[in-house]
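Trainee: I would like to learn how to read a structure like this one. Could you take me through it step by step?

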Amino acid sequence: MRWLLMVLLLLPSLAAAGEAAPLAENPQAEARLKALAVELRCLVCQNQTLADSNAPLAEDLRREVREMIAKNMSDKEIIDFLVTRYGDFVLYRPPLKTTTTLLWVGPFLLLIGGAIALVMALRRRQKKLADVALSEAERNRVAQLLSEGANRL
Amino acid sequence: MNRFLIPLGIFVVVVGFLGIGLTLNPRELPSPLVGRPAPDFSLPQLHDQQKVLSANDLKGKVWLLNFWASWCGGCKTEHPVLIQLAQSGVVPIYGMDYKDKREDALAWLKEWGNPYPIVAVDESGRAGINYGVYGVPETYVIDKAGVIRYKQIGPLNGDVLQTKILPLIKELQNQ
Amino acid sequence: MIPEIGHYALILALCVAVVQGTVPIYGAAVRNSALMSIAKPAARGQFLLVLLAFCCLGYAFAAKDFSVLYVAATSNSQLPLHYRIAAIWGAHEGSLLLWVFILTIWMVAVSFFSTHLPEAMRARILGVMGLVSMGFLLFMLTVSNPFERLIPAAFDGRDLNPLLQDPGMVIHPPMLYMGYVGFSVAFAFAIAALLGGNLDAAWARWSRPWTTVAWCFLTVGVAMGSGWAYYELGWGGWWFWDPVENASFMPWLAGTALIHSLAVTDKRGSFKAWSVLLAILAFSLSLLGTFLVRSGVLTSVHAFATDPKRGLFILVFLAVVIGGSLMLYAWRAPRVGLGGGFSIISREGMLLGNNVLLVAALGSVLLGTLYPLFLDALDLGKISVGPPYFDTVFVPLMTPAIFLMGIGPLAQWKQASLPELAMRLRWAFGVSVVTALVLPIVMGQWTPLISLGLLLAIWILTTIAVDLRERLALAGGGSFFGRLTAMPRAYWGMVLAHCGLALFIVGVTMVKGFEAEQDVRMNVGQTATLGGYTFRFDGTQPYKGPNYIAARATIHVSQDGREVTVMYPEKRRYTVQNQTMTEAAISPGFLRDLYVSLGEPLEDGAWSVRLYHKPFIDWIWGGCLVMATGGVLAISDRRYRLAWRRKEVEVPAGTQMARQIVS
């Protein structure tokens, strides 16, 4: 009897301690929300993601996205939902369209262009340096100038 | 010689864009819904909770949808303009009380006047999201077919009304 | 009274700047020594006047003088003294004063450490810096006066933004500005060289230490900004590719390219025009950053309060200074000689390859930052360009650069052979690839990006080891230690800087690959486990700070049953602006950070708590510090210490040309 009493007395304290429960009701859905929200823009903030913002509109939008995840909508459908209402501005990863082609292709062009410019510049100087051949008179003049310079030092 | 001018050329182009940028507002977000059908909603009315206001009911006429709230300062600024517009009878203005408390909204309208024939209550903000609302006040001009024709971000003022909205409404009403 | 003295000091400084910006340059053009000699005293005078103004503003803050508008806007009677001083640069006007003050510090430094330079050169350098300071002083005195009075005086100030009430605020802006503004010296050197028409390799040699010092400061400044955001913002992020962050990163990329390009120009006398262009570019990006932060053209968390009038002034200033420099460049650069020749496969070729990659990366960051503006200006819609874009674009551009970093130091000057290099590097490559493939699996998770990051970091370290071994072997005779110390400090500086980058890459790779997070609701007494650690929540206590009240939680952390640390995250409410802020608790460690931040209070004393385990994250900022230390080591090289004492003679142009042709 006594041990039953002890167990009963201990039970409440056991219940109070123990593992903390995850904040979200559905951790998998929450993980999906996080993955999406990190790439979405909080529309009323000074450049923050939907995941990090505490603004009321951000909370509303997170709630909407949670509901869409619960309805088993795909990532693309959720993104389309938001883009239809708020435009491409809400995406931190700019979609590839005609207007953003230069944006996505630009870095690659810069790299290729830079590499070509470098190779061409190097070839050009090789040629120019090879072209410079000195005549006898020019060699004498060079020697004279060098000694002039040396005297000044 | 030419290739040494390339940096200057690029720079001039960039400065040109930056200069134009000074005249723009990077935080203003034009709506992609202009030219698309107005999202439907069916929400309880502010003054009579038993009744419902639905966007579909309003097809066949040109109307304005004004998102407002009692906690919003800009709404107070534009309110006289709305009252005047309502009194002129040119176009009906339907109100959408956004993320607000009934009592506060009713009290606010009592104090500042009511330009709306009907006010719907969007307590959760969901209708707002469907309309791409990101702040209040915002006003939409919707035509007879239920298509959004114009969105005003921020308070309405006399200038915008005269130059853009009233002519548009006239045009839409003649269709 | 004191603010008026400060204001008057700025007006006088402007007058001095006008003189400093015009007379010495004119004097250099007509070879008038008297006029040229005005530069030094003008620079020092300007420093003293701006120092006076700065002290006056500091006094106004210390004495809580709320009759000064700027003080009333950014300070408060309850704000502790060190934050009141930091508030000097807490908003637009004061930070401009800091900008000019640091510019005068650099001017004075140049005036003291340039005795070995030809007089005309020094006159032009100080003259150009005078023109820049003239622009900023004019800007301040017309539309951004920090000494403007508020009549009647405010009863109390509006307080410094709580996010800025932090030790980071005391150090980060000054460091950052020392870097930003420091590039004005390299810029001034470049312009002086273009003006004088004497663009020889000596110019590169003189420029290098100044550029490297500015680069060191900027490295520390940017790293500090990142570290500060990490512990201040409460969500564990440390880089967001925000426009203002990019504005500080782009000059860094340009500065890094410049340091490497100057090495080529110094050693081989080649690509002088390119180095000059890079120097102009680095400072232009600093000015562009100043514009972006204050004009309201881009949206950013870090932007100052914006005013289109101010934006216009800075834009016009930008256009005049940079446009003028680029016109001067287009005019004078074609006449510059070619210097020594070298093959595409050579150390010079690889250093320039590094330049191409860095400039392409820089261009991409600039493109991404300005693209939303481009589209909006052309009325093509509004988009956002954020971390997904920059991460996708930056890594592929930097990867070949880091690969080159391993090969470059081993390549010979003028002509190297690829097969021979491959031969020398084969075991470094093998070790890197194998370790990079195996290590992530051992640590528990394999993804291509983790492997790539580790590959790059290990590649840097193994190639440094190969290079070191070869050099030691070449040094011949002597003890091991003797041979090590015989190597020039510039070499060790390079080694350290490159190692720093490797550490940085390890930090980034490990954090992004292995960080873990948990969002839990914790009742008093409950525990949560993460990353092998157990966190026990022991409730919150009220706590009163100097200008805030807080709920401070106690969290005991243990590992394998032993207590490791106790953490105290807080939720603060700053009373003046009535702003709530989360103060995260961080337990830093060599191999990991534990990061805890409070969410919202729930019922019965429970709270929502966010826990993070971030492995190797301190290697990110540690790596940057090591990089900066490498830079410092490089400047302390014997070459430079000797150079200060030797007086350089100006080499006549004819001799220069002759030398180039024959070399």
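Mentor: Gladly! Let's begin with strands: two of them pair if DSSP finds at least two bridges between them. Keep in mind that this is a predicted model.

Trainee: Then which residue in S6(B) is the bridge partner of B:Leu64?

Mentor: The bridge partner is B:Val141. The two strands here are S3 (residues 63–68) and S6 (residues 138–142) of chain B, which pair in the antiparallel sense over five bridges.

Trainee: In what order do the strands of that chain B sheet come?

Mentor: The order is S5-S4-S3-S6-S7, five strands in an open sheet with mixed pairing. S5 (119–122) and S7 (148–153) of chain B have a single partner strand each, so they stand at the edges with one side lacking a neighbour in the sheet. From one strand to the next, the twist averages 20°.

Trainee: What packs on this sheet?

Mentor: Helix H5 (residues 158–173) of chain B does, touching S6 and S7 of chain B. The direction of H5 makes about 165° with that of S7(B). And here is a general idea to carry along: in a regular strand the side chains alternate between the two faces of the sheet.

Trainee: What about a sheet with strands from two chains? Which strands stand at the edges there?

Mentor: Take the open sheet of five strands in the order S2(A)-S1(C)-S10(C)-S9(C)-S8(C), where the pairing is antiparallel. Its edge strands are S2 (21–22) of chain A and S8 (585–587) of chain C, each pairing on one side only. Between S8(C) and S9 (residues 592–601) of chain C there are three bridges, in the antiparallel sense. In that pair, C:Ile586 stands opposite C:Tyr595 in S9(C).

Trainee: How many residues lie between S6(C) and S7(C) in their hairpin?

Mentor: Four residues lie between them, and C:Asn578 in the turn has a positive phi of about 55°. S6 (residues 570–574) and S7 (residues 579–583) of chain C pair in the antiparallel sense over five bridges. Here C:Arg572 stands opposite C:Met581 in S7(C).

Trainee: Now helices, please. How do I describe two that pack together?

Mentor: Two packed helices are described by the angle between their axes and the distance between the axes. For H3 (residues 39–62) and H6 (residues 92–112) of chain C, the angle is about 150° and the axes are 9 Å apart. Angles over 145 degrees count as roughly antiparallel, so H3(C) is roughly antiparallel to H6(C). The crossing of H3(C) past H6(C) is left-handed.

Trainee: Which residues meet there?

Mentor: Among them, C:Phe47, C:Val50 and C:Phe54 are on the H3(C) side, while C:Leu97, C:Phe101 and C:Val108 are on the H6(C) side. By class, this contact has 13 nonpolar, four polar and two charged residues.

Trainee: And where chain C meets chain B, how many residues does each chain give?

Mentor: Chain C gives 26 residues and chain B gives 18 residues. On the chain C side, helices H11 (272–295), H12 (308–332) and H13 (347–377) each supply at least two residues. H12(C) gives the most, with twelve residues. That side of chain C has 20 nonpolar, four polar and two charged residues.

Trainee: Finally, what confidence does the predictor report for the complex?

Mentor: The complex has an ipTM of 0.91 and a pTM of 0.91. For chain C, the mean pLDDT is 90, and 96% of its residues reach 70 or more.

Conventions
Residues are numbered from 1 along each chain as its sequence is written. Chains are lettered from A and ligands numbered from 1 in the order in which they are written. This is a predicted model: local features need pLDDT of at least 70, side-chain atom pairs count only at pLDDT 80 or more; totals for chains, interfaces and linings use all residues. Two residues are in contact if their C-beta atoms, placed from the backbone, lie within 7 Å. Ala, Val, Leu, Ile, Met, Phe, Trp, Tyr, Cys and Pro count as nonpolar, Asp, Glu, Lys and Arg as charged, and the others, Gly among them, as polar. Axes are lines fitted to C-alpha atoms, for helices over the stretch in contact, and angles run from 0 to 180 degrees between N-to-C directions. Angles under 35 degrees count as roughly parallel, over 145 as roughly antiparallel, 65 to 115 as roughly perpendicular and the rest as oblique. A crossing is left-handed if the near helix is turned anticlockwise from the far one by less than a right angle, and right-handed if clockwise. pLDDT is the predictor's confidence in each residue, from 0 to 100.
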